[in-house]
Amino acid sequence: MTVRIGKDVDEFKEMSDGLKYCRGEMLSNDHWLELFRLLGMPKGTTLERLHFGDLLTVHENIIANIEALKSLNARAQGEVTIREAIQELELWAAQAEFTLTEYKHTNGSVVKVIKDWKDSINSVKDTEALLQSLKNSPYYAQFTDKTSVWETRLADLDQYLQWMNEIQRKWIYLEPIFGRGSLPSEASRFSRVDAEFRTILHGVSSCFALCFIPYGFFGYFIEQ
């Protein structure tokens with residue numbers, strides 16, 4: 001009897017080392033289901049109805065699968081890190097805004113133009129770097145459906161900001177020249193560009209969102 005009790009005590013001590021891998025906020029519903037299967041728990045077991053006694057009944061499976069439980073926990077933690085990074089990216093996209101300043105057009109109207117371009121462009125590049133850093137995770141592959149979309153969006157946004165910066169710089173330089181009546185032979189052409197670009201600036205000033213740029217206009221401006 002004493003030997004049996006001693007053996008049981010040793011087993012429960014060993015099991016206690018594995019119990020720390022059977023809990024944690026980082027475990028999602030899918031992770032819990034995998035854990036239940038790993039421990040051979042009855043079909044229909046749920047986290048909401050799980051009791052300590054349920055784990056005691058499978059203590060031998062906990063002992064036998066400690067390494068697998070460690071691996072499951074490491075994967076869960078790695079996936080949480082990636083999910084949080086994606087959430088941070090989505091929050092950035094929702095909150096990032098342009099800094100605007102007033103520009104007085106030669107027709108007398110006041111137009112909001114973008115300033116602090118370096119800050120906006122660096123913000124995009126920092127977010128791209130965050131996304132790239134996730135690729136070092138061994139658990140990255142299952143998130144590629146989301147990250148690949150953001151990778152494309154950020155690369156496009158980086159390019160669009162470069163174009164927008166160049167277009168605005170040229171527009172601010174040329175607008176007063178044409179506004180004074182110079183280069184009359186090109187006035188009609190610039191007038192169209194001027195109207196289209198002020199439409200874009202109006203859209204930007206209406207929402208301030210860094211991720212809002214009417215991309216379809218860029219082909220038109222680049223050709224002008």
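I began with the surroundings of Glu 175, and, leaving out residues up to four places away in sequence, I found that Glu 175 touches Tyr 103, His 105, Thr 106, Phe 190 and Asp 194, where contact means heavy atoms within 4.5 Å. I note that this is a predicted model, in which local features need pLDDT of at least 70 and side-chain atom pairs count only at pLDDT 80 or more, while totals for chains, interfaces and linings use all residues. Residues are numbered from 1 along each chain as its sequence is written, and side-chain values use heavy atoms, with hydrogens and water left out.

I placed Glu 175 in helix H7, residues 144-179; helices (H or I, at least four residues) and strands (E, at least two) are DSSP runs, numbered from the N terminus. Glu 175 is buried yet has no salt bridge, and its nearest side chain of opposite charge, Arg 198, is 6.9 Å away. Here buried means under 20% relative accessible area, exposed over 50%, and partly exposed in between (1.4 Å probe, protein chains only), and a salt bridge is a side-chain nitrogen of Lys or Arg within 4 Å of a carboxyl oxygen of Asp or Glu. For charge, Lys and Arg count as positive and Asp and Glu as negative, while His and the chain ends are not counted. I did find a polar contact of 2.4 Å between the side chains of Glu 175 and Thr 106 (a pair of N or O atoms within 3.5 Å; within protein, one must be able to donate a hydrogen and the other to accept it, and residues adjacent in sequence count only if both atoms are side-chain atoms).

I then looked up Arg 198 itself, which forms a salt bridge with Asp 194, the closest N and O atoms being 3.0 Å apart. Both residues lie in helix H8, four residues apart, about one turn of the helix. Arg 198 counts as partly exposed at 25% relative accessibility, whereas Asp 194 counts as buried at 6%.

Next I turned to the aromatic rings, and the structure holds six aromatic pairs. Rings of Phe, Tyr and Trp (its six-membered ring) pair if their centres lie within 6.5 Å; planes under 30 degrees apart count as stacked, over 60 as edge-to-face and the rest as tilted. Trp 171 and Phe 197 form a tilted pair, with 5.3 Å centre to centre and 55° between the planes. This pair links distant parts of the chain, with Trp 171 in helix H7 and Phe 197 in helix H8, 26 residues apart, and both residues are buried. Phe 178 and Phe 190 form a stacked pair, at 4.4 Å centre to centre and 5° between the planes. I also recorded that Tyr 103, Trp 171 and Phe 197 form one aromatic cluster.

Which residues have the most contacts inside the largest nonpolar core? That core has 34 residues, and those with the most contacts inside it are Trp 92, Phe 98, Leu 161, Met 164 and Trp 171; a nonpolar core is a set of buried Ala, Val, Leu, Ile, Met, Phe, Trp, Tyr and Cys residues joined through side-chain atoms within 4.5 Å. Helix H7 gives the most to this core, with eight residues.

Last, I looked at Glu 79, which forms a salt bridge with Arg 83, the closest N and O atoms being 3.7 Å apart. Glu 79 counts as buried at 2% relative accessibility, while Arg 83 is partly exposed, with a relative accessible area of 31%.
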